Structure formats: C-alpha cells, structure tokens
Amino acid sequence: MSKPNTQQRRHTIIALLNEQGEVTVDELAQRFATSEVTIRKDLTALENNGLLLRRYGGAVLVPSDMVAERINEPVSQQKQALAKAAAERIRDHNRIIIDSGSTTAALLGELAKKHGLVVMTNSLAVANALRELEPEPTLLMTGGTWDASSESFQGQVAEQVLRSYDFDQLFIGADSIDLERGTTTFNELTALSRVMAEVAREVVVMVESDKIGRKIPNLELPWEAIHTLVTDSGITTEQQQQLEQKGINLIIAPKS
C-alpha cells in the first residue's frame, strides 16, 4: 500500500483530532510510516493555518472560540478600526514594512490616502494588493525562501535584503500578547520578524484586545523591541497600566 501524500496525511490528522481530541507525534509517525520530523512539519503547517494547537509531543484541537475568530477575520470590523488608527502614524513619503498576516493586511485600504510611500513586504498577497493602489507606492520585496504555511518569504536571504535598508516603521501583528515577555506566536519562524524590528525606527504591533494575555510559547518580539501597540477598547485598565509601565505607546482604536 502506497504512503498517503502530504495533503491526504494532513487531512487524516485533522480527522483523528476530531475523533480523539489530541494526537502524538509518535503515534502519527507509526500510523503513516514516516519520520517524526515529517509529522512535526505537518503539525506546524496545520497550526499556522489555525487547524490545531501544538503541545509538547503532539497536538490538540483548537478551542472553538479561536476557530470562530479565525473564520471571521477577513471581515473583522475590529481589524479595520486597528488599521485606521495605525495608518494615522504613517506620513507621506514614509518608508514602511508590512509583515504578512490578516491584521496587517487590513492596513492596505488606508494607504491609498498616502503619497510617496516606499513599502517593503514579505507577503505576495500584500504585494499584489499594493499594486492596485492609486497612487501606487514603491514596492520592495524581501525575497527569500517561500514558506507555504505562513504564505510569506522567510530565511537568510530575506534577512540580508532587509538589512540593506532602513525604515521609518514596521507594522506587524501577533498571535498573542504576553504582558511579561512581548509578542508571541504559533509560528516557529521568528528570525525575520526580529530583523524587521531591528531595521525600523518605530515598531507598531497591531493586535485585537482578546489576544492580550493568551499563553503561547514562541516569543517573537520582546518589549524592548516594541514602541507602539495598537489595540481596541476591549483592553482592560490593568492591562493598559502594565503596558504603559513598560514604556509602550498605547493606542486604543475607537469602535468603528
């Protein structure tokens, strides 16, 4: 019997999760007669697409509230409000980086009001949307190694390209905000985000308030690397105080 291809294997992993609630790397490697490295790649790709949550040695189902959030992301009014508030920090002729992600992508509709922008991105979706703007900004691409799970370019080539420039601002999202550590993410590819932060004079994190306080293991940007956090009015007074004590410029977007 031939081994299932990648798509079939990942579909079966999700089916098993729906039946069992959790799976382990070891049992999946045995079931599919493949290496644990391959299974870990499968789980990482599925996690980055919002279909499961990694745990040590395996994975579990995504909580239903997080599934609902991901389904509603393309039409989220919260994201539009964050984008409008974040875009107010962009001046004509600024040089900016827009990281891949649905929250930062919401920023694109606001850029048509700006003139003479230079925009670097690691996302093909962002790049294609920028080409539709009028006036069209000058577009720069990082290049690098294409990562299908995050639908973005990553790797050393992308990092080298970024270090060849300097930027006024980086606009970046996050899977969660750890009030002690900084931004955290499901994605294990965090090196490029840190280089983006290094080459930008202002790092602007755009994140919905319900992601503040979630516990996700992978640290992306420490607070020392972040200047501004744009969120919505769902943030609590205690959370505001903790962020302001860290010297973060906090912007609360008004309800749309």
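Which residue in E3 is the bridge partner of Leu53? Keep that in mind as you go through these points; remember too that this is a predicted model.

1. Three strands make an open sheet, ordered E1-E3-E2, and their pairing is antiparallel. Strand E1 (22–24) and strand E2 (53–55) are at the edges with a single partner strand each, so one side of each has no neighbour in the sheet. From one strand to the next, the twist averages 25°.

2. Now back to the opening question. E2 pairs with strand E3 (residues 58–60) over three bridges, in the antiparallel sense. Leu53 has Val60 in E3 as its bridge partner.

3. Two helices pack on this sheet. Helix H1 (residues 6–20) touches E1 and E3, and its direction makes about 125° with that of E1. Helix H2 (residues 25–32) also touches E1 and E3, but the direction of H2 makes about 70° with that of E1.

4. Next, have a look at the other sheet. Here seven strands line up as E6-E5-E4-E9-E12-E14-E15, in an open sheet with parallel pairing. Its edge strands, E6 (138–141) and E15 (249–253), each pair on one side only. The twist in this sheet averages 20° from one strand to the next.

5. Zoom in on one end of that order. Strand E14 (residues 228–232) runs parallel to E15, and five bridges join the two. Asp232 has Ala253 in E15 as its bridge partner.

6. Finally, find helix H5 (residues 77–87), which packs on the seven-strand sheet. H5 touches strand E9 (167–172), strand E12 (200–206), E14 and E15. The direction of H5 makes about 145° with that of E14.

Methods. Residues are numbered from 1 along each chain as its sequence is written. This is a predicted model: local features need pLDDT of at least 70, side-chain atom pairs count only at pLDDT 80 or more; totals for chains, interfaces and linings use all residues. Side-chain values use heavy atoms; hydrogens and water are left out. Two strands pair if DSSP finds at least two bridges between them. Helices (H or I, at least four residues) and strands (E, at least two) are DSSP runs, numbered from the N terminus. Axes are lines fitted to C-alpha atoms, for helices over the stretch in contact, and angles run from 0 to 180 degrees between N-to-C directions. Contact means heavy atoms within 4.5 Å.
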